[in-house]
Amino acid sequence: MSEQVAAYINLILLLAVLLFVAALLDFMIWKILRGFSVRLARQTKTNFDNYLVAHKVPRFLARVIPLMMLVEFVPLIFSDFPFWESFMQKLLRVSVVILTLIIVKSIFRSINDHIKTLPRFKDKPVDSYVQVFIIFAWLLGILTIFAIVTETTVWAYFTALGAASAVILLIFKDSILGFVASIQVSINDMVRIGDWITFQKYGADGDVTEITLATVKVQNFDKTITTIPTYALISDSFKNWRGMETSGGRRIKRSLAICQKSIRFLTEEDLKVLRKIQLIEPYIEQREKQIAEFNKKHQFNREIPINGRNMTNFGVFREYTTQYLKNHPGVNQKMTLMVRQLSPTPQGIPLEIYAFSSDKRWANYENVMSDIFDHLLAAIPYFDLKIFEYPTTFIASPNPEQEVVSK
């Protein structure tokens with residue numbers, strides 16, 4: 001046969017033998033690494049090795065030695081074919097770079113999953129930092145591949161990137177902003193995974209489930225998912241409820257609108273009836289003595305109630321509300337507790353309850369607050385007070401079973 005035919009037969013035979021040996025070596029190394037990984041996972045207490053296996057790190061490592069063998073021997077096999085020798089060298093070197101990137105990515109993902117299981121890092125935005133490292137690794141790998149294909153150095157591409165920095169900044173604007181935001185969020189401890197945040201601009205009201213380089217995922221209380229740009233956490237205003245969750249209670253701040261016309265001075269007959277209310281009986285007796293001594297000392301004309309000092313049904317009700325909250329088992333007595341009168345409005349005089357529920361869970365908090373206001377609404381008539389309501393006129397309709405209500 002001719003030398004050219006002999007060269008092709010030689011190439012095919014040697015390449016077949018080399019590929020068979022590489023595949024056999026890859027299989028054997030994989031078996032050894034898998035057995036070692038299983039034994040190591042059983043003996044160690046950490047879960048890091050389990051994540052390495054889950055992300056196929058041992059499987060990718062098993063391919064390193066066979067690939068290096070191909071890099072070493074393939075050029076010898078293609079020595080009679082200069083063009084294919086150069087092509088295969090470049091292809092194998094590119095394959096080494098890609099395999100290295102895959103191994104690095106798998107290791108970083110394993111580290112990321114392992115760190116999330118640690119209590120002190122469970123609520124930290126670890127995903128952002130891992131993604132930054134992976135992006136830099138792939139950027140360096142792509143530049144290396146270009147350098148291999150074009151037979152130049154990596155530094156030449158870095159020099160070109162310096163000249164095209166404006167374009168690069170424009171392309172990776174969101175990633176750069178997200179990385180800077182992740183660092184600031186972590187350093188300033190603004191948001192943690194698991195925090196309840198309210199972000200009105202994006203319609204988010206729920207728990208933070210994930211913080212990545214570009215986005216923050218919030219699972220709303222209606223089980224929908226809202227995605228927020230990471231840099232929005234430092235550029236816009238949002239509310240983090242962590243302080244409430246770590247404190248001793250959840251704030252109750254709600255008002256009762258009292259009709260101004262129902263407020264009046266109390267008479268002796270009124271006080272006699274109100275003394276039967278146990279929560280304010282000591283208060284009424286004490287106030288009566290103080291007022292009687294003050295009025296007697298200054299010799300006020302008591303024929304008109306406006307002269308001197310007097311108790312009002314509104315003031316006594318405010319004291320009753322205070323005593324009721326102080327004796328309520330669902331109110332945290334160690335935190336601020338206040339019943340205050342706000343400025344009069346066209347809708348009445350607001351009587352605001354400012355207190356903290358001992359139970360911070362949403363459903364229980366709502367139950368405590370509803371229980372308090374149910375009682376106060378039912379107690380108001382005992383003080384001859386009225387809740388402000390817009391006047392309503394009922395017009396009888398021809399059908400007795402139906403009524404038309406107009407406001």
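1. Aromatic pairs. The whole structure, a predicted model, holds 11 aromatic pairs. Rings of Phe, Tyr and Trp (its six-membered ring) pair if their centres lie within 6.5 Å; planes under 30 degrees apart count as stacked, over 60 as edge-to-face and the rest as tilted. Trp196 and Phe221 are edge-to-face, because their planes stand at 80°, with ring centres 5.3 Å apart.

2. Where that pair sits. Trp196 is in strand β1 (residues 196–199), and Phe221 is in the loop between β3 (215–220) and β4, so the pair ties together parts 25 residues apart in sequence. Helices (H or I, at least four residues) and strands (E, at least two) are DSSP runs, numbered from the N terminus. Trp196 is buried, at 8% relative accessible area. Phe221 is partly exposed, at 35%. The cut-offs: buried is under 20% relative accessible area, exposed is over 50%, and partly exposed is in between (1.4 Å probe, protein chains only).

3. A stacked partner. Trp196 also forms a stacked aromatic pair with Trp241: 4.4 Å from centre to centre, 10° between the planes. This pair links distant parts of the chain, 45 residues apart, with Trp241 in the loop between β5 (239–240) and α11 (242–246). Trp241 is partly exposed, with a relative accessible area of 24%. Trp196, Phe221, Trp241 and Trp362 make up one aromatic cluster.

4. Charges over rings. The charged end of Arg250 sits over the ring of Tyr365, 4.4 Å from its centre. Arg309 lies over the face of Phe294, 4.9 Å from the ring centre. The criterion is NZ of Lys or CZ of Arg within 6 Å of the ring centre and within 35 degrees of the ring normal.

5. Thr230. This residue is in the loop between β4 (225–229) and α10 (232–235). Is Thr230 buried or exposed? Thr230 is buried, with a relative accessible area of 1%. Its side chain reaches the backbone nitrogen of Thr215 at 3.1 Å. Leaving out residues up to four places away in sequence, Thr230 touches Gly178, Ala181, Ser182, Thr212, Leu213, Ala214, Thr215 and Val216. Contact here means heavy atoms within 4.5 Å.

6. Ground rules. Residues are numbered from 1 along each chain as its sequence is written, and side-chain values use heavy atoms, with hydrogens and water left out. Local features need pLDDT of at least 70, side-chain atom pairs count only at pLDDT 80 or more, and totals for chains, interfaces and linings use all residues.

Note on methods: A polar contact is a pair of N or O atoms within 3.5 Å; within protein, one must be able to donate a hydrogen and the other to accept it, and residues adjacent in sequence count only if both atoms are side-chain atoms.
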